[in-house]
Every structure is written in C-alpha cells, then in structure tokens.
Amino acid sequence: MKIIKMNQEYPDLEIIEEAIEVLSAGGIVLYPTDTIYGLAANAFDEKAVEKIYKIKNRDIGKPLSVCVSSIGGLSLITDLRENYRILVEKHLPGPFTFIFYKSSNWSNSFFDKHKKIGVRIPNNGIAIELSQIFPITATSANISNEEVFSTPKEILNQLNHEIDFVIDVGSMKSSIPSTVVDLTGNEPIILREGAGKL
C-alpha cells in the first residue's frame, strides 16, 4: 500500500496519474470527494469491483454508484433524459448522487443485476481527475452499515488496510454523504437527504 499526502486545492497530476495506473491494473484507491472519502475501482473491471464488495463486506445485491469526470461522461453510463438535463447540469459537479437507468452500452455483472445506477460528479478536482479515463466506483470508504470516518488512518484501521493506494488530504470535515435523487420517473424523488440541496 502506498500513502501519498496531497493538497486538495492543488492536486498533483503526476501522483493522480500514478493512482490511475493502479486502478487500470485492478487496484483499489482511497480518494477524497466533496463530501467524504470514497473507494475507487475501475467500474469496467469486474474483479476490481468485486474487491470493493469484499473490502466493504457489502451485500452483492446492493448496487454501487460510480463517478465520472463530466456531464459528457454520463453517456458512458446512462442516456440522460432531456427533461432532466438542466437540473443535472445545474447541480453537477456537486454533492449529489443521481439515479438513472443504466445504459445497455456497457456490461459488468455487478452492475447488470440492476436496471438503475447512481452517478456522481463530485466537486473535487482529485476525484474528477481520477475518473478522466474510465468511470470509478463512488462508494463510502467504510464497512457497510458501520461508522464513516473522516481520516485515512481511521478508515484504514477499519478496513484492515486492504487498499493499494491512498490519497490523503487530511480530515474530511464533513461526514455527511451526498444527497441521492432518483431521476428515473417523471419527477425527481429524493431518496436520501445529504450534503446537497435541490
């Protein structure tokens, strides 16, 4: 495991490139978002996604969200309905997870179990850079249903250090997760109140 300290305000692109190489090779990266620390795996790599489930001790039946780098990147995951485009463009990047119907253009057995998928574009330069080449998982860095910690040290103690690369930006002051909004119906439905306000 490699731990690198970084200033969120001035992301080191060389270090981020190294983290992307880890992800490309099927590794797991602990990274900051605009809310809490997340666990990243290449969303197109089934074995890497399986690692995330094992690290979190997460029920395979529970879907994972993914992070993309831009509104344009949504096309890798979903077909954005025009009636929601303005809402999505207004609130992303930001502390929201929007639920869409999953596109049939890509397949991963862990995501294929579900017709819907949550997508994030965090307002965080590190997260955006990490997801430039492929979507990454966007799930909280904790054991499922257990406490969400704010520092890498606490997180690694809980997860038993099953991480390949850590981007340490210090304590994430907010432990409030993103707001989850379902956009698969005719009206937006807030599924979880979090850091984002519609």
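Me: Which residues are exposed on the other side of helix 1?
Reply: Glu 14 and Glu 21 are exposed there. Keep in mind that this is a predicted model.

Me: Which residues of helix 1 are buried?
Reply: They are Ile 15, Ile 16, Ala 19, Ile 20 and Leu 23. These residues cover an arc of only 145 degrees around the axis, so they sit on the same side of helix 1.

Me: What do those buried residues pack against?
Reply: Their partners include strand 1 (2–5), strand 2 (29–32), strand 3 (37–40) and helix 5 (125–130).

Me: What caps the N-terminal end of helix 1?
Reply: Asp 12 does. One of its side-chain oxygens lies 3.0 Å from the backbone nitrogen of Glu 14.

Me: Why does Asp 182 count as buried?
Reply: Buried means under 20% relative accessible area. Asp 182 has 9% relative accessibility, so it counts as buried. Asp 182 is found in strand 10 (residues 179–182).

Me: What makes the pairing of the Asp 182 and Thr 184 side chains a polar contact?
Reply: The cut-off for such N or O pairs is 3.5 Å. The Asp 182 and Thr 184 side chains make their contact at 2.5 Å.

Me: Which residues does Leu 130 touch?
Reply: Among them are Ile 16, Ala 19, Ile 20 and Leu 23, along with Val 29 and Tyr 31. Leu 130 is also one of the residues with the most contacts inside the largest nonpolar core, which has 59 residues.

Key. Residues are numbered from 1 along each chain as its sequence is written. This is a predicted model: local features need pLDDT of at least 70, side-chain atom pairs count only at pLDDT 80 or more; totals for chains, interfaces and linings use all residues. Side-chain values use heavy atoms; hydrogens and water are left out. A nonpolar core is a set of buried Ala, Val, Leu, Ile, Met, Phe, Trp, Tyr and Cys residues joined through side-chain atoms within 4.5 Å. Buried means under 20% relative accessible area, exposed over 50%, partly exposed in between (1.4 Å probe, protein chains only). Contact means heavy atoms within 4.5 Å. Helices (H or I, at least four residues) and strands (E, at least two) are DSSP runs, numbered from the N terminus. The arc is that of the directions from the helix axis to the C-beta atoms. A polar contact is a pair of N or O atoms within 3.5 Å; within protein, one must be able to donate a hydrogen and the other to accept it, and residues adjacent in sequence count only if both atoms are side-chain atoms. Lists of a residue's contacts leave out its neighbours within four places in sequence.
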